[in-house]
Amino acid sequence: MYGLWKVRNRQQIGELMKRLNLIVVKNLLKIPALYLRLRSYVKHKDRYTKEQRYELVNYISRRSMKTGNINLLVTGKENIPDEDGFIFYPNHQGIFDGFAMVEACDRPFSPVIKKELMQVSFVKQIFGCLDAMPMDRENVRQSMEVMIEVMRRVKDKENCLIFPEGTRSREGNKLRDFKGGSFKPAVKTKCPIVPVALIDSYLPFDTETDKPVTVQVHILRPLLYEEYRNMKTIDIAKEVKQRIGNAIVSQG
């Protein structure tokens with residue numbers, strides 16, 4: 001029953017177990033069919049539009065929240081640019097962050113993720129449907145190639161997502177430093193930077209509980225190129241961190 005999720009890290013298993021078991025038990029009859037659909041969508045991407053693949057992930061996200069005692073509060077959808085070709089920059093709290101962002105945004109986007117997630121069955125297929133870009137944080141050259149791929153996609157009017165902290169904070173709603181290099185794709189493509197404040201997103205899968213929780217997603221006003229074109233990436237990082245931090249303080 002748990003094999004589809006095959007998580008290798010023991011600590012992560014402990015974090016996931018209670019709520020994940022609850023979700024698996026309540027969706028036991030649906031999981032095999034969903035898994036086969038995910039595999040088919042990834043294997044035959046030419047047969048399915050990115051909107052169809054995104055909708056499947058969105059359905060899985062909604063089912064997970066409904067059966068896992070997870071509520072989602074989303075504000076600021078009006079701040080999502082009308083034209084595609086932007087980058088989301090949310091803070092990174094936990095494993096649920098990706099699901100929260102899919103539920104909050106009606107239009108497809110592709111996230112930059114750590115390569116280890118592509119070793120987890122079912123999770124791998126979900127990110128495959130999102131055309132996720134796995135990054136090896138220990139390999140500078142490969143990381144640069146991922147950033148170049150982000151630029152290519154944004155220029156092609158696709159939407160992307162980058163966690164500027166680089167890894168989960170593991171300290172609840174406390175922010176880590178935002179990395180200036182993560183904003184280079186935005187600067188190079190002159191695209192809108194959309195800050196997103198995630199609050200309590202660590203609760204669903206990074207705490208050992210299955211009690212009802214509420215996760216907040218606050219999509220903030222985007223920074224347009226005209227606003228940041230004369231700023232260094234390190235200063236853009238500080239500005240985005242400050243905006244997200246202020247939102248967490250005011251809404252938390």
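A: Happy to. Buried residues make up 51% of the 252 residues in the protein; buried means under 20% relative accessible area, exposed means over 50%, and partly exposed lies in between, with a 1.4 Å probe and protein chains only. Please keep in mind that this is a predicted model, in which local features need pLDDT of at least 70, side-chain atom pairs count only at pLDDT 80 or more, and totals for chains, interfaces and linings use all residues. Residues are numbered from 1 along each chain as its sequence is written, and side-chain values use heavy atoms, without hydrogens or water.

The protein has 10 helices and 7 strands, where helices (H or I, at least four residues) and strands (E, at least two) are DSSP runs numbered from the N terminus. Its radius of gyration is 17 Å, close to the 18 Å that the globule rule gives for 252 residues, so the protein is as compact as a globular protein of that length. That radius is taken over C-alpha atoms, and the rule is 2.2 Å times the number of residues to the power 0.38. Of the contacts between residues at least 6 apart in sequence, 72% join residues at least 24 apart; contact means heavy atoms within 4.5 Å.

Now to the core itself. The largest nonpolar core holds 44 residues, and Ile60, Phe88, Phe96, Met101, Phe109 and Val217 touch the most other members. Such a core is a set of buried Ala, Val, Leu, Ile, Met, Phe, Trp, Tyr and Cys residues joined through side-chain atoms within 4.5 Å. The elements that give it two or more residues are helices H1 (10–26), H2 (31–43), H3 (50–67), H4 (97–104) and H5 (123–129), with strands S6 (193–199) and S7 (213–219). Apart from it lies another core, of 28 residues, including Cys160, Phe178, Phe183 and Leu220.

Leaving out residues up to four places away in sequence, Phe109 touches Tyr54, Phe88, Met101, Val102, Leu130, Asn159, Cys160 and Leu161. Met101 and Val102 are also among the buried residues of H4, along with Asp97, Phe99, Ala100 and Ala104. H4 is mostly covered, with 6 of its 8 residues buried.

Leu38, in helix H2, is buried at a relative accessible area of 0%. Beyond residues up to four places away in sequence, Leu38 touches Leu56, Ile60, Phe122, Gln125, Ile126 and Cys129. With Ile126, 88 residues separate the pair in sequence, yet they are 6.7 Å apart C-alpha to C-alpha.

Phe122 counts as buried, at 3% relative accessibility, and its phi is near 80°, a positive value in a residue other than glycine. Asp131, in the loop between H5 and strand S4 (133–135), also has a positive phi, of about 55°, although it is not a glycine.

For contrast, look at Gly166, in the loop between strand S5 (160–161) and helix H7 (184–189). Gly166 is partly exposed, with a relative accessible area of 32%. Not counting residues up to four places away in sequence, Gly166 touches Arg137 and Lys179.
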